[in-house]
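Student: I have a structure to read. Can you show me how to go about it?

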2 protein chains.
Amino acid sequence: MTSDLAVCYDDILDAASRLDGHAIRTPLLEFGPLNERLGKRVLVKFEGAQHTGSFKFRGAFNRISRIEAEAKPRGVIAWSSGNHAQGVAAAARQCGIPATIVMPTDAPKIKLENTKALGAEVVLYDRYTESREEIATNLANKTGAILIPSYDDPYIIAGQGTVGLEIVEQARAVSANIGTVLSNCGGGGLISGVATAIKANIPDAAIYSVEPEGFDSTGRSLGSSDVAGNVPNAKSICDALQSPYPGKMTLPINRTFLAGGLAVSDEEVRFAMRFAFEKMKLVAEPGGAASLAAALSGKVPAHGGDMALIISGANVDPDFYCSVLAG
Amino acid sequence: MTSDLAVCYDDILDAASRLDGHAIRTPLLEFGPLNERLGKRVLVKFEGAQHTGSFKFRGAFNRISRIEAEAKPRGVIAWSSGNHAQGVAAAARQCGIPATIVMPTDAPKIKLENTKALGAEVVLYDRYTESREEIATNLANKTGAILIPSYDDPYIIAGQGTVGLEIVEQARAVSANIGTVLSNCGGGGLISGVATAIKANIPDAAIYSVEPEGFDSTGRSLGSSDVAGNVPNAKSICDALQSPYPGKMTLPINRTFLAGGLAVSDEEVRFAMRFAFEKMKLVAEPGGAASLAAALSGKVPAHGGDMALIISGANVDPDFYCSVLAG
């Protein structure tokens, strides 16, 4: 099939066979209190159970496992506030490739420590005065390391798309009839892959991106030919969803497939994290809980059928987590 | 099959078909950091994802759904520090039967509130000066309500045993070869049912009860013809695992099938709760984390094959949970 889009459904099937036996097939869960609250059946894909506690391992492994033998010793390099960092570090370790990750000094401690524990070399930068792209590009030029983008790469998008493929398969196995899908969205790698997989199987599904208020650049770019940026000086507790702009590859896919974009406030995210703790017994990081927050706050337009949503990550420092639980 | 034991494998198969479509088939999960730490494959059955956040719904529904129509209006009654309370309340609600639960005044708030929210009438008693058995028996005599025991009942044991049946089926589906099984143990309802199901399918499996230190009455009764009680004045953070003695029905089953009993300290349980938060992204209550604590502290005798363990519950007050995460 010819397409202008960077990724097609076959790429996701290919990623799924590459990830088989390497990534975790995470559970699709259902909770009485969530169904009751929304008045419909809701299925929750829990990527906290993925290697490194977020979906990011999928794309990273799909990309890094394709590096040819002679390029392996030069290593890989990436920049990330934390989840892509850990995904790249873990995938590189599995493939026997050295990894260097450029991370902000104010990344959550759990993300910094886990990235180091996975054997990656961490290079810190100041989020407000230095450019991570420049630091990483300079290092790559010096060492010949391969840059692993966090979303604008066909293999990364296809790898994240396996989340959508599994939702389709696991929903069928429990006789669910998916009508709406919610996915957290930063640069758009996860949702563009998920949408490609869902739409290939369920063309009528209504798929929504969920972003933090002020960082809803994908949502505001969907219905426009312009590419929106974030609101100046916007702040959010969702450290994983603060991409400065939608991806060049991901936005066209999202414009093709998404029904719309939703935005959630910090208070809605905090409520969702508490709900996940109390009623679902799952840990969710702020950015990981955005879709749940949109669902719980009644922001999702009505559609027929069941709802699927993704808890995309669960790497949160205990002290911050407890400040959220304290309400 | 003739047997002196209260429950046989067919009872568990029967319970499984009764629970089908009512209970959650909870996930059997695997985590890289846990496998690495133990140097073997470890599968984790997460009953936090069961209705009411613990396995107790299974046995309660298996018992309560068999109550005949004419007895339903008189209701059911139970005593419990919290998880059986919620399981009975939820199962009774599903069956359209009123429930009364006798609970200690110092039960975790989350357990008290959830039990009330499920529509049960809660009768409080003082754990140190009043007898819950007496209160419940008096109420049952007055109202004609049916008493739902927390473990010494064949339907309760068989219902909890479906956890073991699912472990067998789900382990097969991921080509695991179970050699060791750990189950948390209070009165022994869960582990006696689980052991019956596991041994029917994997006769060589070594199954261990895990109890809090000082409350390891099942463990100390296994190799003896005497029934041990708890250590006088013993204290534990595991509020769900403080039965005063092993069950009359459960102990003979456990003596028949278990390889031994393990005991864990509060510090080991706290460490396991933090490990579940950081590395597995799962909420576990103290009693729910006992088996994980035994595994992480290296207390499990070496056996061939993979290990399965049960996180049996996840109902924990946020302030206590955060005191554990703070370390």
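Student: What should I know before I start?

Tutor: This is a predicted model: local features need pLDDT of at least 70, side-chain atom pairs count only at pLDDT 80 or more, and totals for chains, interfaces and linings use all residues. Residues are numbered from 1 along each chain as its sequence is written, chains are lettered from A and ligands numbered from 1 in the order written, and side-chain values use heavy atoms, leaving out hydrogens and water.

Student: How do I read the confidence of chain A?

Tutor: pLDDT is the predictor's confidence in each residue, from 0 to 100. Chain A averages 96, and 99% of its residues score at least 70. For the complex, the predictor gives an ipTM of 0.96 and a pTM of 0.96.

Student: What is the order of the six strands in the open sheet of chain B?

Tutor: Terms come before the case. Helices (H or I, at least four residues) and strands (E, at least two) are DSSP runs, numbered from the N terminus. Two strands pair if DSSP finds at least two bridges between them. In chain B, the order is E1-E2-E10-E7-E8-E9, with mixed pairing. Strands E1 (28-30) and E9 (260-264) of chain B stand at the edges, each with a single partner strand, so one side of each has no neighbour in the sheet.

Student: How many bridges join E7 and E8 of chain B?

Tutor: Five bridges join them, and the two strands run parallel.

Student: Which helix packs on this sheet?

Tutor: Contact means heavy atoms within 4.5 Å. Axes are lines fitted to C-alpha atoms, for helices over the stretch in contact, and angles run from 0 to 180 degrees between N-to-C directions. Helix H7 (residues 154-173) of chain B touches E1, E2, E7 and E10 of chain B, and its direction makes about 135 degrees with that of E2(B).

Student: Now one residue. Is B:Asn184 buried or exposed?

Tutor: Buried means under 20% relative accessible area, exposed over 50%, partly exposed in between (1.4 Å probe, protein chains only). B:Asn184 is buried, at 2%. B:Asn184 lies in strand E7 of chain B, opposite B:Val210 in E8(B).

Student: What does the side chain of B:Asn184 reach?

Tutor: A polar contact is a pair of N or O atoms within 3.5 Å; within protein, one must be able to donate a hydrogen and the other to accept it, and residues adjacent in sequence count only if both atoms are side-chain atoms. The side chain of B:Asn184 reaches the backbone oxygen of B:Ile310 at 3.2 Å. A polar contact of 2.6 Å joins the side chains of B:Asn184 and B:Ser291.
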